[in-house]
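Hi there,

Here is the structure I promised to pass on. Have a look at it first, and my notes follow below.

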Amino acid sequence: MSDEKNLSDDLNDMLGDAKEGAKKAADKAGEFAEEAKEKAKEFAEDAKEAASEFADEAKEAFGKAGGDNKKVLVGVIGILFGTIGIHKFILGYNKEGIILLVLGVLGIFTCGITSGISWIIGIIEGIIYLTKSDEEFYNTYQVGEKTWF
């Protein structure tokens with residue numbers, strides 16, 4: 001009988017140790033998740049600030065570019081960096097640029113879904129910009145201020 005009692009006590013001890021180990025692992029996983037969430041938030045803020053600074057510098061540098069230069073510039077940048085909306089900032093469409101920038105940054109938290117949407121928008125707009133004639137582009141997007149597509 002004492003062997004059975006010792007075996008039962010040993011099993012109860014092991015079960016208690018396993019429960020304690022599982023609780024510690026869950027606590028560590030929770031801590032790790034919170035830390036990762038905070039680091040992702042910091043990264044998103046840094047990326048947003050860097051993109052905004054880059055957009056401001058690009059806008060300033062190319063603000064006086066003519067219709068042809070701006071067409072090629074925003075077309076290529078739309079294709080390459082459409083995810084963060086730099087081409088919108090260059091054209092002076094700050095609200096639309098911020099929308100694309102936020103979608104791009106949110107992609108960090110949504111496994112790339114929202115940044116994929118803004119990337120597709122950038123590619124489509126870049127292609128549209130590059131396929132328009134210089135005059136049509138200038139009249140539509142720089143004079144007429146058509147903000148999307």
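**What I found**

L106 is partly exposed, with a relative accessible area of 37%. (Buried is under 20% relative accessible area, exposed is over 50%, and partly exposed lies in between, with a 1.4 Å probe and protein chains only.) L106 is found in helix α4, and I come back to that helix below.

Two notes on the ground rules. This is a predicted model, where local features need pLDDT of at least 70 and side-chain atom pairs count only at pLDDT 80 or more, while totals for chains, interfaces and linings use all residues. Residues are numbered from 1 along each chain as its sequence is written, and side-chain values use heavy atoms, leaving out hydrogens and water.

**The overall picture**

(Helices are DSSP runs of H or I with at least four residues, strands are E runs of at least two, and both are numbered from the N terminus.) Of the 149 residues in the protein chain, 28% are buried. The accessible surface comes to about 9,700 Å², and 60% of that area belongs to carbon and sulfur atoms; areas come from the Shrake-Rupley method with a 1.4 Å probe, and for residues only the protein chains shown count as cover. Among the contacts (heavy atoms within 4.5 Å) with a separation of 6 or more, 62% are between residues 24 or more positions apart.

**Helix α4 and the surface patch**

Helix α4 covers residues 94-106. With 13 residues, α4 reaches 18 Å from its first C-alpha to its last, close to the 18 Å expected at 1.5 Å a residue (the expected span is 1.5 Å times one less than the number of residues).

Which residues make the nonpolar surface patch of about 510 Å²? They are F43, I98, V102, L106, I108 and F109. (Patches take residues with over 30% relative accessible area and no salt bridge, joining like charges within 9 Å and nonpolar side chains, namely Val, Leu, Ile, Met, Phe, Trp and Tyr, within 5 Å.) Helix α4 gives the largest share of the patch, three residues.

I98 also sits in helix α4 and counts as partly exposed, at 43% relative accessibility. I98 and G85 are 13 residues apart in sequence and 7.0 Å apart in space, C-alpha to C-alpha. Elsewhere in α4, E96, G97, L100, L101, G104 and V105 are buried.

**The nonpolar core**

The largest nonpolar core has 12 residues: A55, L73, V74, I77, I86, F89, I90, L91, Y93, Y129, F137 and Y141. At least two residues of this core come from each of α2 (67-81), α3 (86-91) and α6 (134-143). The most comes from α3, with four residues. (A nonpolar core is a set of buried Ala, Val, Leu, Ile, Met, Phe, Trp, Tyr and Cys residues joined through side-chain atoms within 4.5 Å.) Setting aside residues up to four places away in sequence, Y129 touches K71, V74, G75, H87, K88, L91, F137 and Y141.

**Salt bridges**

How many salt bridges does a search of the whole structure find? It finds five, taking a side-chain nitrogen of Lys or Arg within 4 Å of a carboxyl oxygen of Asp or Glu.

- The side chains of K71 and D134 meet at 3.1 Å, N to O. This pair links distant parts of the chain, with K71 in helix α2 and D134 in helix α6, 63 residues apart. K71 is buried at 9% relative accessible area, whereas D134 is partly exposed at 34%.
- K23 and D27 pair at 3.3 Å, N to O. Both lie in helix α1 (residues 2-62), and because they are four residues apart, about one helical turn separates them. K23 is exposed, at 53%, and D27 is partly exposed, at 38%.
- E136 and K132 form a salt bridge at 3.5 Å, N to O. E136 is partly exposed at 39%, while K132 is buried at 17%.

K132 lies in the loop between α5 (113-131) and α6. Leaving aside neighbours within four places in sequence, K132 is in contact with K71, F137 and Y141.

Best wishes
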